[in-house]
Amino acid sequence: MKNNYVQDKIVTYTAYVFLSLLALVCVIPFFIMFSGSITDEKYLQLNGYSILPHVFSLKAYAYIFSGNSSIGKAYWVTIFVTVVGTAFSMVITGLLAYSLSRKELKFRNSLSFIVFFTILFNGGLVPWYIVTTKYLHLGDTVWGLILPYTVNAWNMFLLRNFFRAIDDAMLESARIDGANEVNILFRIVFPLALPGVMTVGLFYALQYWNDWWLPLLLINDQKLYPVQYLLRMVLSSMQYISSGGVGSTYAASAVPAESIKMAITIVTIGPIVFVYPFVQKYFIKGLTVGGVKG
């Protein structure tokens, strides 16, 4: 008995050590990135990157946040697009996934094939752009950053598989008690499939937060620039200045090119990194929500 206890302790401590080392390997790049963002450019060029900052400097952040606080406006646009877009996408994707998960739906297989077909083939960039701007009039509107990503076919099929795993008897009991399909979806199906719902929701949130492709194609109004696209423009401008572009407002030697790259990464991933721990607990909670009292 005592030997088994000792063996269990050895296995437990070994697992802790291994996971701690693995977590450290994952975290070290972020420390190097943050250290590089607050280190003087000349020191980086001479000595390279390190975990701890040397020759402290905030020139990179000063360069990014200069320009009449446009970065603040871009953050509000990104937050609005991410929150509203994720909520809207989850509702539409959930309705579609729930419908296709029900065996009693007519033409269920045909509709599933139509959705699956969009994963394999698309009409191309030019037809998509014409439809989006000329017929849907989404150019230079905040909805142009939301509606094109409303439904992702892969996310829909992932959510549909979670809905299929729910016992039909529970849904039938809710119908007998007088619940309609909307109440069943939001009060029974969504809570029981919470791990899948949170996973797909995180996918959508990351897609909206990291997107710079839609504003590149659809947005000309600077007031509607999201943070990812704005910082991409800053990075392009910095590279142009560093190469000695004509008419640049900064001397090429004064632009902290390497530290700016690190600072841009910190600025863009910062909020989503802080949000993730709060989302993670819902993953853990969702694993136990499906328990039914017998």
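Tutor: Gladly. Start with the lining of the largest cavity, whose residues divide into 6 nonpolar, 1 polar and 1 charged; here Ala, Val, Leu, Ile, Met, Phe, Trp, Tyr, Cys and Pro count as nonpolar, Asp, Glu, Lys and Arg as charged, and the others, Gly among them, as polar. This is a predicted model, in which local features need pLDDT of at least 70 and side-chain atom pairs count only at pLDDT 80 or more, while totals for chains, interfaces and linings use all residues. Residues are numbered from 1 along each chain as its sequence is written, and side-chain values use heavy atoms, with hydrogens and water left out.

Student: What separates a cavity from a pocket?

Tutor: Rolling a probe the size of a water molecule over the atoms shows where empty space is left. On a 1 Å grid over the protein atoms alone, a cavity is a set of points where a 1.4 Å probe fits but cannot get out, whereas a pocket is an open set with protein on both sides within 12 Å along at least five of seven lines; lining residues have an atom within 4 Å of a point. Points are joined across faces, edges and corners, and a volume is the space filled by probe spheres set on them.

Student: Which residues line the largest cavity?

Tutor: They are T78, V81, L145, Y208, W209, D211, P215 and P226. The space in this cavity is about 50 Å³. Helix 4 and helix 10 (194–210) each give at least two residues to its lining; helices (H or I, at least four residues) are DSSP runs, numbered from the N terminus.

Student: And how much space lies in the largest pocket?

Tutor: About 740 Å³. Of its 24 lining residues, N122, W128, P148, Y149 and V151 are the closest to the centre. Helix 6 contributes the largest share of the lining, 5 residues. By class, the pocket lining has 16 nonpolar, 8 polar and no charged residues.

Student: Now for charges. How many salt bridges does the structure hold?

Tutor: Side chains of opposite charge can pair when their charged atoms come close. The structure holds 4 salt bridges, each a side-chain nitrogen of Lys or Arg within 4 Å of a carboxyl oxygen of Asp or Glu. In one of them, D168 pairs with R102, with the closest N and O atoms 3.0 Å apart. This pair links distant parts of the chain, 66 residues apart: D168 is in helix 8 (residues 168–176), and R102 is in the loop between helix 4 (70–101) and helix 5 (108–120).

Student: Which residues are linked in a network of salt bridges?

Tutor: E104, E172, R175 and E181. E172 meets R175 with the closest N and O atoms 3.4 Å apart, and both lie in helix 8, 3 residues apart, about one turn of the helix. E181 also bridges to R175, at 2.8 Å between the closest N and O atoms. E172 is partly exposed at 41%, as are R175 at 24% and E181 at 37%.

Terms used:
Buried < 20%, exposed > 50% of the residue type's maximum accessible area, 1.4 Å probe, protein only.
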